[in-house]
Amino acid sequence: MIDPFLLRAAFAGLLIALVAAPLGCLVVWRRMAYFGDATGNAALLGVALALSLSLPPIIGVVAIAGAMALAVAFATRRGGFAADTVLGVFSHAALAIGLVAAALLPGVRLNLIGTLLGDILTVTNGEIAIIAAGGALILVVVAVFWRGLVNATLSPELMAAEGGSLLRDKLVFTLSLALFVALAMKLVGILLITAMLILPAAAAAPLSRSPERMVLFAAGIGAASVLGGLWLSWEADTPAGPSIIVVAALIFLGSGLRRR
Amino acid sequence: MPNPAPLIHAENLTVKSGRRLLLDAVSFEVHTGEAISLIGPNGAGKTTLIRAMIGTQPISSGSLGRRPGLRLGYTPQKLPLEQLIPMPVDRFMALSGERNKERRTAMLARCDAAGLQNEQMTDLSGGETQRVLLARALMRAPDLLILDEPTQGLDQPGEERFYALLAEIRAETGVAIFMVSHDLHVVMAQSDRVICLNTHICCSGAPAQVAEDPSYRALFGARTSIAPYQHHHHEHCDHD
């Protein structure tokens, strides 16, 4: 029989893969992989702050990752730096500040490896309930605003001319991403959250003929990566989170080779 | 004028980016059914002005009013489409919010883009892309069409075909057109009014009037990079 903890891990992983699909496609289309990194890296500071205030880590992560996502999304270009430089500064500064804060703040006993690399095999029923509820919220919000999200990806001007709100689009996208970071942290750790977003989406791109189909394929590829990664982890005793990403990367290579 | 309230009313519209002035006290109106061409050298603020009209460009001072309930149609210069976002033409049309497939297909056909529904946007030629963009902009029955250099990258026949289509659409629907253009010969032939922009409005008025304006001549007569005018310029000299 399969161990219950493995079943829980698989269930949590499949939920995350499903939620990652539409967000990951948007991140890939908008060339915002660095943006995902910055949001993910800010999560560490969120965890440290929440622990020092005796709050559930997820609250700290949503708050700090959300603040980071909003800051990056609304930061105007200053000083003439290229966008990827600014994002790189934000992203790595957030990670470093998080690590320093975790050491400095009183009463914080952070499982650093677990936070950075994920710890899916210890996921509890309570955490699965939070992932399911948060994931459902993200999926509903993204589905409701999907047309606007795709239009803003194609051309912000086109979207605005047709009466859409760019502000609403930014809020929906950045806050969904922040909540996703909080949910997915347990699965792959903050270092690999961006990978969980972009690898399945990138692997789905060459196989898809419409944006919606790309989301479906990304969900399927993400699910296959979760199951394959857990199997690899079980058989070869490798860390689960990185194993999931390794499988996703192999699928990406395979799909890339298939491309005409 | 059937409806005296202007569609767009800009008064001393000024846009700054840092210390750089992108638009300097620009004032103009767009009325129902008018065809206006916006011309000006690169970096003159044409795209900034269009963004301000659409509402994606914050204004530093002055005002820009849209008639309440104004419906805009907009065609971008090009879509930043990559291979990564798969987008069949019909899906692109549906993203305008039009749920009725027959109406989408009919609009594509009206815009000379029949049979392209299932093509990927990235596989279209430049001319096909512009006609599909136009079809989408018209899908919402706009009062005002804003076109950002719709014929850039088209060859001469493609350009003529697009402008002929635009003239037909205008005759049928009475839609007002505000177009950024480099094709000065078309500007002269098809516009009611020309606005010549170089951060500020250097001159505006009926095409023939603008062509005689010294500031227009200073901008386009001296700039050898704009070929169509040179042609026009020589023609002019011959006639004199």
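## Salt bridges between the chains

A salt bridge here is a side-chain nitrogen of Lys or Arg within 4 Å of a carboxyl oxygen of Asp or Glu. By that rule, the interface of chain B and chain A in this predicted model holds three salt bridges. One of them joins the side chains of Glu157(A) and Arg51(B), with N to O at 3.0 Å. Alongside these, 11 residue pairs are in polar contact between chain B and chain A, counting pairs with both residues at pLDDT 80 or more.

## Who touches whom

On the chain B side, the elements giving two or more residues to the contact with chain A are helix H1 (46–54), strand E5 (72–75) and helix H2 (89–94). H2(B) has the largest share, with three residues. Sorted by class, this side of chain B has 15 nonpolar, six polar and five charged residues.

The contact draws on 26 residues from chain B and 26 residues from chain A. Together the two chains bury about 2,200 Å², with 60% of it on carbon and sulfur atoms. Leu84(B), Pro86(B) and Leu95(B) supply 24% of the area that chain B buries against chain A, more than any other three residues.

## A helix inside chain A

Now for a look within chain A. Helix H12 (residues 240–258) of chain A has 19 residues and spans 27 Å from its first C-alpha to its last, close to the 27 Å expected.

Which residues of H12(A) are buried? They are Ala240(A), Gly241(A), Ser243(A), Ile244(A), Ile245(A), Val247(A), Ala248(A) and Ser255(A).

Key: Residues numbered from 1 in each chain as written. Chains lettered and ligands numbered in written order. Predicted model: local features only at pLDDT ≥ 70, side-chain atom pairs only at ≥ 80, totals over all residues. Heavy atoms only, no water. Contact = heavy atoms within 4.5 Å. Buried area = accessible area lost by both parts, 1.4 Å probe. Polar contact = N/O pair within 3.5 Å; in protein donor to acceptor, adjacent residues only side chain to side chain. Helix = DSSP H or I, 4+ residues; strand = E, 2+ residues; numbered from the N terminus. Nonpolar A, V, L, I, M, F, W, Y, C, P; charged D, E, K, R; others polar. Expected span 1.5 Å × (residues − 1). Buried < 20%, exposed > 50% of the residue type's maximum accessible area, 1.4 Å probe, protein only.
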